[in-house]
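Morning, everyone. Please bring up the model and keep it in view while I talk.

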Amino acid sequence: MQLSKRFRILPVLAVVIAVLFTALPAHTTFAADAPPVLILPIDQANFLPGQKFDFQIEVWAAALPSDFSIKINGKNAADVLGSQPTSSNWQFDASKTSNNAATYTFRKGMTGMVTSQATTWRQVSIKDPGSYKIDVTAGGATTSATWTIRDVGTGKAKNVIFFLGDGMTDAVRTAARVVSRGFNAGGKYNDRLYMESKDMTALGLISTNGYDSIITDSANSMSAYMTGQKGTVNAMGVYANTSDDNNDDPRVQTFAELAKEQGKTVGTCVTSRVTDATPAATWAHTRRRGDEDIIIDQALKMGYDVILGGGSIFFQPKTVAGSERKDNEDTFKAFESAGYTVVTSATDLKALDTGKIDKLVGVFSASHMNVWIDRHLYPANVQKNGPDQPDLLDECKAAINILSKNSKGFFLMVEGSDIDKQEHSMSWERAVADTIEFDNVVGYAQTWAKANGNNTLIAVAADHGHAFDVYGTVDIALFDKIGKDMVAAQAAPTAASTAAAGTAAATAAGTASASVTRVFPPFDTRLNAIGEYQNASFPDYKPDPTTHFPASWEIKYPLAVAWGDHPPYTDDFRIDKAPLDPGVVPPGGLVQPNTKRDADGVFFNGNLPGTDTQAVHTLQDVPVNAMGPGAECFSGYLDNTDVFFCLANALGLDPRTGTSLNGGTAAPTAPATKSASIPLAVLALVIGGLVTRRKFVK
Amino acid sequence: MKRVSTFAILKSLLNPLPKKSLPKIALFALLLMATACEGRVAASGITLVTPLPPDGVVVTASPIAVAELVNGKLSGSTPYTLQFTQMYAGRSVRYGLTLSDYLKALDGQSVTMEGYMAPPLKSDLKFFVLTEVPMSLCPFCSSNADWPDNIIAVYMNSASVPPTVHPVKITGRLEIGSKVDDATGFVSMIRVYADKLEVLG
């Protein structure tokens with residue numbers, strides 16, 4: 001039967017419509033003049049039911065279009081969330097990528113100032129697990145995002161101790177094992193690191209990038225572990241919006257905040273400044289990790305129980321020389337007024353009666369604490385920073401003693417902070433020594449957990465990669481001898497050495513192509529002292545059987561270490577007596593080796609941009625080990641956001657049953673949301689553990 | 001090729017360290033700039049501070065400083081000699097650097113100081129940083145940024161001066177207090193407005 005002429009158009013129409021649908025991007029349909037829309041939290045975000053977050057829609061237009069609407073699973077968002085949003089607007093410079101990177105790709109190609117209309121809900125949450133589709137209509141187009149509210153876990157852990165070895169790749173662990181455990185006659189390791197012991201039943205690999213790039217920094221990587229959200233470089237506990245204000249970005253509750261709502265105590269012991277990215281990410285909400293004075297203020301406001309590390313420059317009023325605060329607050333005094341004990345030396349820390357203390361701030365240096373090697377082997381290097389700095393184990397013992405008094409359990413974050421910092425500075429001995437120190441604390445925690453109820457989840461991870469690796473050993477005596485011969489040959493050239501130099505030059509010229517003359521720097525013959533393959537005999541660092549630190553780092557055949565990414569630098573393959581940057585940038589110039597460090601060492605040209613004086617983070621996945629209730633979650637391949645849910649599930653943490661903190665997590669402009677007041681919560685807890693239940697309007 | 005500003009270079013220098021406010025970056029920048037300047041006189045080395053007493057205890061001023069303050073009053077006549085070692089009474093983790101009584105008494109007075117000019121060495125200088133040791137041994141070349149307790153900002157009142165690598169002696173009015181330099185963003189706690197500069201040695 002032949003179709004009438006009218007109906008012949010239908011197959012053509014069907015083909016046209018099909019082509020149009022497949023050609024369009026998956027989530028967005030654009031009309032001709034629809035303004036760009038930004039939805040934060042982003043597409044693919046996962047949350048725990050009841051986990052609080054800020055929800056912000058940006059519409060880049062001079063005014064909101066008349067058809068503007070926000071729907072969640074087809075219903076008006078205000079009805080779903082049970083509250084009305086606030087409106088605001090700002091201008092941002094579309095060509096400036098520093099604040100927001102290339103994150104929001106539809107911003108590419110835009111120039112000039114852009115007005116953003118923001119619609120914001122503060123501290124909302126969704127209580128039912130499931131999939132939630134956000135549809136924002138503006139100017140005839142709809143932009144969508146999908147969120148998943150996960151189920152609550154069923155774990156029975158009471159405590160969580162999360163160990164973060166900053167930049168602690170498997171290569172670093174392996175080198176630490178070589179130095180601290182050594183080999184037996186059969187070529188097998190005498191022992192493994194504590195983090196590698198058979199107690200640790202789970203082993204996994206974590207991918208570390210944020211949603212703005214393949215390479216992360218410590219801020220957004222730790223933030224992923226602590227909030228379950230992907231982030232952008234330098235941001236923590238927030239999704240970065242386009243405004244220049246670093247404090248107005250939409251926030252997401254951290255694991256420590258949720259733990260406190262469950263009545264747990266929370267603490268951190270680190271060797272960096274206590275306001276540095278990794279510890280800060282356990283509590284803070286900021287677009288900018290550098291706002292460390294604001295960060296410590298947030299810890300005080302939240303009532304974070306134990307904070308131990310360095311960085312007094314962010315506690316001192318700005319009138320103090322060297323202070324990095326922008327106000328006249330004495331933050332030490334502020335903590336004391338809030339009932340905290342404050343100590344600033346190892347002596348005072350060890351003298352504490354931890355049985356009588358519930359809240360502690362210990363700051364032991366002006367900036368980042370010094371590393372184990374400088375504190376123990378070259379103490380003159382540490383005096384100006386902090387003349388009496390404790391070991392990481394001293395800090396964490398005190399923290400565990402204080403936090404574990406709480407019958408509801410605790411969350412402790414332990415960081416080997418300076419492993420990463422010394423990888424940046426390319427001092428491998430300092431990085432590895434701090435790894436050994438960090439690992440010793442893992443050993444202490446394992447013993448403690450087994451002796452205290454066996455209900456503690458212990459997980460040991462890194463936050464991102466570095467390019468450190470070992471490729472052999474160095475015959476130091478031979479290295480020096482070749483060096484002496486080189487110097488002697490230059491001073492008094494023999495006929496042979498002149499001929500050799502001539503040959504080298506001729507060879508260089510001879511390898512040049514007809515059109516291009518390219519001359520390479522001469523080979524440094526001291527590299528012939530590197531032992532590779534069968535010539536890389538087992539280095540004997542003579543580790544102490546109890547402390548695991550080597551008797552000396554200056555041995556006959558130390559490890560030959562290379563850095564995959566590095567500035568121009570010189571290396572004499574020996575430990576440096578003071579921590580110095582590998583590169584320096586002269587005024588108006590580009591980077592060159594720091595001649596204060598290994599001045600006569602072998603020269604390696606750089607492979608980084610000319611403004612970098614240190615090595616940078618790398619892509620590789622990082623290992624994680626775990627033991628205790630909920631450990632199995634860490635087996636296999638994890639996205640870094642999965643770590644948050646592993647920690648929460650191990651505790652069986654249900655945010656819906658928590659008692660909300662006293663406004664401690666609110667952004668400055670947050671309208672007050674209904675919550676049980678703290679005195680009521682305390683009363684409720686006192687009367688036989690009754691928990692105040694929050695009303696969630698569906 | 002895109003021209004990269006010195007500030008931009010030096011800001012990036014602090015990557016991946018946490019970002020600091022621009023004035024502080026300028027401070028570190030000026031001193032870091034010095035490190036790669038060739039031809040500096042290599043002095044014997046940085047004098048490392050001897051171990052300090054337990055934290056919170058402020059070290060009393062050195063004997064030389066005490067001699068300059070008699071019964072709390074300045075003795076002798078202007079200009080008063082000020083050495084870098086006399087500036088700070090002590091250092092503690094909690095309280096940072098504390099100004100010595102001698103230094104505090106010199107606020108607003110005419111002083112004379114010896115030291116070295118820190119680069120950048122432009123052809124004429126109206127402002128420079130005076131340092132205790134030549135800047136080839138810059139204290140900032142450690143990876144931990146310590147507050148510089150041996151520098152002072154010098155503003156030339158009269159004609160600008162040609163830069164030199166030799167030790168210099170400046171004379172002028174001392175001023176204590178935090179100030180941000182408009183032109184460079186440099187933050188100084190202690191300044192000398194100098195009307196005289198002698199090149200020594």
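**Helix crossing, then a sheet**

The crossing of α4(A) and α16(A) is right-handed, that is, the near helix is turned clockwise from the far one by less than a right angle. Contact comes from A:S221, A:A224, A:Y225, A:M226 and A:T227 on α4(A), and from A:N640, A:T641, A:V643 and A:F644 on α16(A). Contact means C-beta atoms, placed from the backbone, within 7 Å. By class, that is five nonpolar, four polar and no charged residues. Nonpolar covers Ala, Val, Leu, Ile, Met, Phe, Trp, Tyr, Cys and Pro; charged is Asp, Glu, Lys and Arg; the others, Gly among them, are polar.

The geometry: α4 (residues 218-227) and α16 (residues 640-651) of chain A have axes that come within 6 Å and cross at roughly 35°. Axes are lines fitted to C-alpha atoms, for helices over the stretch in contact, with angles from 0 to 180 degrees between N-to-C directions.

This is a predicted model; local features need pLDDT of at least 70, side-chain atom pairs 80 or more, while totals for chains, interfaces and linings use all residues. Residues count from 1 along each chain as written, with chains lettered from A and ligands numbered from 1 in written order.

Now the sheet. Four strands form an open, antiparallel sheet, ordered β2-β4-β8-β7 in chain A. Pairing takes at least two DSSP bridges. Which strands sit at the edges? β2 (37-40) and β7 (86-93) of chain A, each pairing on one side only. β7(A) pairs with β8 (residues 113-124) of chain A over eight bridges, antiparallel. There, A:N89 has A:Q117 in β8(A) as bridge partner.

How values were computed:
Helices (H or I, at least four residues) and strands (E, at least two) are DSSP runs, numbered from the N terminus. Two residues are in contact if their C-beta atoms, placed from the backbone, lie within 7 Å.
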